[in-house]
Amino acid sequence: MDEAVERSASLPRRVLGVRIRRMKDDFLIGDEDRVLLIEDSAAFIFASLDGRRSTLDVARLLAQEYGVDEEQALADVVEFLSDLVEQGIVEW
């Protein structure tokens with residue numbers, strides 16, 4: 001099964017204990033060993049993670065905000081969130 005379709009109903013959420021600092025429309029995320037700057041459309045996705053919106057909901061918001069195809073937006077959201085999951089910043 002395609003990962004985007006498989007994850008579309010998931011409720012991604014930020015992991016507790018990860019330090020997050022908002023700077024205008026961007027985010028600095030990190031701990032003692034690393035810092036990650038999230039900006040532009042990635043910051044939009046990250047800001048949309050409230051634990052109530054599904055991955056598909058976030059993709060729809062992204063598609064509306066940036067005027068892109070919903071299918072492409074879903075693939076992009078899943079790819080970005082998968083990276084954050086691997087880094088321990090987000091969980092499905």
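## Basis

Residue numbers start from 1 along each chain as its sequence is written, and side-chain values use heavy atoms, without hydrogens or water. The model is predicted: local features need pLDDT of at least 70, side-chain atom pairs count only at pLDDT 80 or more, and totals for chains, interfaces and linings use all residues.

Helices (H or I, at least four residues) and strands (E, at least two) are DSSP runs, numbered from the N terminus.

Strand S3 spans residues 26–30 and strand S4 residues 35–38. They pair in the antiparallel sense over 4 bridges; pairing requires that DSSP finds at least two bridges between the strands. The two strands form a hairpin, with 4 residues between them. Leucine 28 stands opposite leucine 37 in S4.

## Helix H2

H2 covers residues 40–47. Its buried residues are Ala42, Ala43, Ile45 and Phe46. Seen down the helix axis, they fall within an arc of 160°, so they line one face of H2. Buried means under 20% relative accessible area, exposed over 50%, and partly exposed in between (1.4 Å probe, protein chains only). The arc is taken from the directions from the helix axis to the C-beta atoms.

## The largest nonpolar core

A nonpolar core is a set of buried Ala, Val, Leu, Ile, Met, Phe, Trp, Tyr and Cys residues joined through side-chain atoms within 4.5 Å. The largest one has 22 residues. Ile38, Phe46, Leu81 and Leu84 touch the most other members. S3, H2, helix H3 (55–66) and helix H4 (70–86) each supply at least two residues. H4 gives the largest share, 7 residues.

Leucine 84 is in contact with Leu36, Ile38, Phe46, Ile89 and Val90, leaving aside neighbours within four places in sequence. Contact means heavy atoms within 4.5 Å.

## Valine 90

Valine 90 lies in strand S5 (residues 90–91). It counts as buried, at 2% relative accessibility. Beyond neighbours within four places in sequence, its contacts include Pro12, Arg13, Arg14 and Val15. Phe46, Leu49, Leu81, Leu84 and Val85 are also among them. Its C-alpha atom is separated by 15 Å from that of valine 35, 55 residues apart along the chain.

## Serine 8

Serine 8 sits in the loop between helix H1 (3–7) and strand S1 (13–14). It is buried, with a relative accessible area of 17%. Its side chain reaches the backbone oxygen of valine 5 at 2.9 Å. Leaving aside neighbours within four places in sequence, serine 8 is in contact with Ser54, Thr55, Leu56 and Leu74.

Notes
A polar contact is a pair of N or O atoms within 3.5 Å; within protein, one must be able to donate a hydrogen and the other to accept it, and residues adjacent in sequence count only if both atoms are side-chain atoms.
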